[in-house]
Amino acid sequence: MNFSSMDYFITVARERSFSRAAGRLHITQQTLSAHIAKLEGELGAKLLVRSIPLELTYAGEVFLGYAVDLQRKLGSMEREFQDLTDNQRGLLRIGVATIRGRIVMPSILTRFRARYPKIAIRLVEDENGKLLEYLENREIDLAVALFPQVVPGVELVDFYQEEVVLLVPRAILDQVAEEKGPSALKRLEQGDLSPLQGAPFLLEAEEDDVGKIGYSFLSQAGIVSTPAVEAYSLETLLILCARGLGACFFPENWIQAVLSPEQRAGLRLFRLGEDARYTVQFGYSKQGYPGRVITDFIQLARETGGSF
């Protein structure tokens, strides 16, 4: 029995599909099926019910527990011996949201690769909830994300603060001022969003982090609004905002990465105060030995002070 076959089985068990698992592993379904069949032959037990979706047999559930534990211990051993021999090599898997990765990763990875040229990096880009799931399943080694206050089994380290601001197209502000008077803009500057009652909004889905902040501020202002556009992609919403389709809530330090100076000139930024700030953190498993590579990556990143 080899460790690759166990890794393949873990992926199949999580995906509940040979095709999806083969895609994630970058191998053919035939190769994957052959590995699982060989594993079942060595164990003398059927591990999978080959239905749609796949199901684990009782033997499969038992083997999955052992395989995950062995995978964790092997990774921990490899990291510790790399530190003992000062021979860091291999792969560091980092999970991060797409736009956040575009902003924070280039400068950090440049410095990290200079220090650890034998460590390859795999960026796994997804939304926060998925990143936490990948971390708990040990499909990534390190996540850069917004986490709940406490995550069992995960070590959290503060990275930097992000601030969500309100962006309003100047054409919409002109209309607000015309309809509600020049004092409306002053009220917006002071954090009162009520003058925007009736204006179109472009909002992230309410269950997502920026969406929660946006809907909360609108509710506090007494604004009842059906979004002109609701989406999971903040980048799409910001581009629509720059085209004048509506106001949107967006992390301030992401704006420059998405919009040109000309596009930014067509928008007005309003700050929302302390309740619109949150801390981006690193998360990694508390189980096993984290390794110098992970702790050094975090240290290098924190030395940026949140400036990218």
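The model is predicted, so local features are given only at pLDDT of at least 70 and side-chain atom pairs only at pLDDT 80 or more, while totals for chains, interfaces and linings use all residues. Residues are numbered from 1 along each chain as its sequence is written, and side-chain values use heavy atoms, with hydrogens and water left out. Helices (H or I, at least four residues) and strands (E, at least two) are DSSP runs, numbered from the N terminus.

**Residue A22**

- A22 belongs to helix α2, which covers residues 18–25.
- With a relative accessibility of 4%, A22 counts as buried; the term means under 20% relative accessible area, against over 50% for exposed and in between for partly exposed (1.4 Å probe, protein chains only).
- Apart from neighbours within four places in sequence, A22 is in contact with I27, T28, Q29 and L32, where contact means heavy atoms within 4.5 Å.
- The C-alpha atoms of A22 and L32 lie 6.5 Å apart, although 10 residues separate the two in sequence.

**Helix α5**

- Helix α5 spans residues 98–115, and its 18 residues reach 25 Å from first C-alpha to last, close to the expected 26 Å; the expected span is 1.5 Å times one less than the number of residues.
- A kink of about 50° is found at M105, shortly before the proline P106; the bend at a residue is the angle between axes fitted to the seven residues ending there and the seven starting there.
- The buried residues in α5 are I99, R100, G101, I103, V104, M105, I108, L109 and F112.

**Helix α9**

- Helix α9 has 12 residues, 209–220, and its end C-alpha atoms are 17 Å apart, which agrees with the 16 Å it should span at 1.5 Å a residue.
- V210, G211, I213, G214, Y215, F217 and L218 are buried in α9.
- Elements covering these buried residues include β6 (154–169), β7 (201–204), β8 (229–231), α10 (234–242), β9 (247–251) and β11 (277–285).

**Pockets**

- On a 1 Å grid over the protein atoms alone, a pocket is an open set of points with protein on both sides within 12 Å along at least five of seven lines, a cavity is a set where a 1.4 Å probe fits but cannot get out, and lining residues have an atom within 4 Å of a point.
- The largest pocket holds about 1200 Å³; a volume is the space filled by probe spheres set on the points, which are joined across faces, edges and corners.
- Its lining has 42 residues, with L91, R93, R122, R138 and D141 nearest the centre, and α4 gives the most, 10 residues.
- The second largest pocket has a volume of about 630 Å³.
- Of the 28 residues lining the second largest pocket, A97, E127, N128, E204 and D209 lie nearest its centre.
- Helix α9 provides the largest share of the lining of the second largest pocket, 4 residues.

**Cavity**

- The structure holds 1 cavity of 30 Å³ or more, and the largest cavity has a volume of about 100 Å³.
- The largest cavity is lined by 12 residues, of which R79, R138, D141, S285 and I294 lie nearest its centre.
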